[in-house]
Amino acid sequence: MSVTAVAVRESPVAAIVTIGHDLPSVLVLTKDEEINIAACLETLSFSDDVVVLDSYSTDRTVEIARSFPNVRVVQRHFDTWSKHSNWALDNIQFKHRWVYYSDADERITPELRDELIRVANDPQQPHVAYRVRYQNMFMGRWLRYGGIYPVWIIRYFQPPHIRYEDRQVNAHPVIDGSLGDLHEHFIHFSFNKGLQPWLGKHNSYSAMEAQEGVRVREHSLWAQCQDILHGNPGRRRRALKNLSFFLPNRGVVRFLYMYVLKAGFLDGRAGFQYAAMISMYEYWIALKMREYMAQWPARTKMAAQALLQESEP
């Protein structure tokens, strides 16, 4: 295998690494990410094919992205996670066989960069996709315990072997082939924009999760249990997710799981705050599911009309 020395742009100082002849392409999804996008793209400067799929940002996201010589911008209106991601796989012509997916609020470490390149240049590796862990940052520290570390997510893949399941939010990829695990991590700065955007995003997510939960609960609990011990981690994770929609007091259960069972208290104040916010998010999902199933708006309108009729002379 031939090798060459390639300059890797790292802020603030450029470094030289020796890599194989092939590089991974990178896909980054964006929507109003001017706070994050430059720092994200700095860590992706090792790739000569970074595609920013932008959902028509109204800030300087696209302008900043286009200032990087290894980046091309494609724009599409966002509909659902699965449709958006599958559209990218179907319509974007990536330069390289392997593609790494990154959100704008994530940073690739040099160690993960080198591992991605090694995989891309290993003709003997048996997998078509890889899972990777991340270190979640909150209140100036890594949530080592209450952040439910390690969470494994599929981020490195060969596009012909992956499709995203049909869900409005948190769509998991379905892999056609063997799945492996990477050793290194990326770093997740999910609160870089502040708490208000995070709360707004999760309010929106909770509505979509609630709609998904109502759909899941149309089937029996037993039907959701069949993949709980499946050898495929993606199907196993989906089964656990579906089972959670049948769980009573899911907000309280989630808090106890994160803060007590997973020892989130060892993360100090950040661990408590994060567990409280996630449990609140789970409560929103449960509350909105009840609203959808009980048809509260229609019942409220009928009750109000009855009260108005009673008040008439």
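R76 counts as buried, because its relative accessibility is 15%; buried means under 20% relative accessible area, exposed over 50% and partly exposed in between, with a 1.4 Å probe and protein chains only. The model is predicted: local features need pLDDT of at least 70, side-chain atom pairs count only at pLDDT 80 or more, and totals for chains, interfaces and linings use all residues. Residues are numbered from 1 along each chain as its sequence is written, and side-chain values use heavy atoms, with hydrogens and water left out.

R76 sits in the loop between β5 (71-75) and α3 (81-91). Helices (H or I, at least four residues) and strands (E, at least two) are DSSP runs, numbered from the N terminus. The side chain of R76 makes a polar contact with the side chain of D79 at 2.8 Å. The side chain of H84 also makes a polar contact with that of R76, at 2.8 Å. A polar contact is a pair of N or O atoms within 3.5 Å; within protein, one must be able to donate a hydrogen and the other to accept it, and residues adjacent in sequence count only if both atoms are side-chain atoms. Leaving aside residues up to four places away in sequence, R76 touches L53, D54, S55, Y56, K83, H84 and W87. Contact here means heavy atoms within 4.5 Å.

V169 lies in the loop between β11 (162-164) and β12 (173-175). V169 counts as buried because its relative accessibility is 1%. Its contacts, not counting residues up to four places away in sequence, are W81, Y205, M208 and E209. The C-alpha atoms of V169 and A207 are separated by 9.6 Å, and these residues are 38 apart along the chain.

Which residues of helix α8 (residues 250-261) are buried? They are R250, G251 and M258. These residues lie on the same side of α8, because they cover an arc of only 105° around the axis. The arc is that of the directions from the helix axis to the C-beta atoms. V252 and L261 are exposed on the other side of α8. Just after α8, A263 takes a positive phi of about 60°.

Aromatic rings were searched across the whole structure, and 16 aromatic pairs were found. Rings of Phe, Tyr and Trp (its six-membered ring) pair if their centres lie within 6.5 Å; planes under 30 degrees apart count as stacked, over 60 as edge-to-face and the rest as tilted. F191 and Y274 form an edge-to-face pair, with 6.2 Å centre to centre and 80° between the planes. This pair links distant parts of the chain, 83 residues apart: F191 is in the loop between β13 (179-188) and α5 (195-216), and Y274 is in helix α9 (residues 268-294). F191 is buried at 14% relative accessibility. Y274 is buried too, with a relative accessible area of 12%.

The pair of F255 and Y259 is stacked, because the ring centres are 5.3 Å apart and the planes are at 25°. Both residues lie in helix α8, four residues apart, about one turn of the helix. Elsewhere, W98, Y100, Y130 and Y156 form one aromatic cluster.
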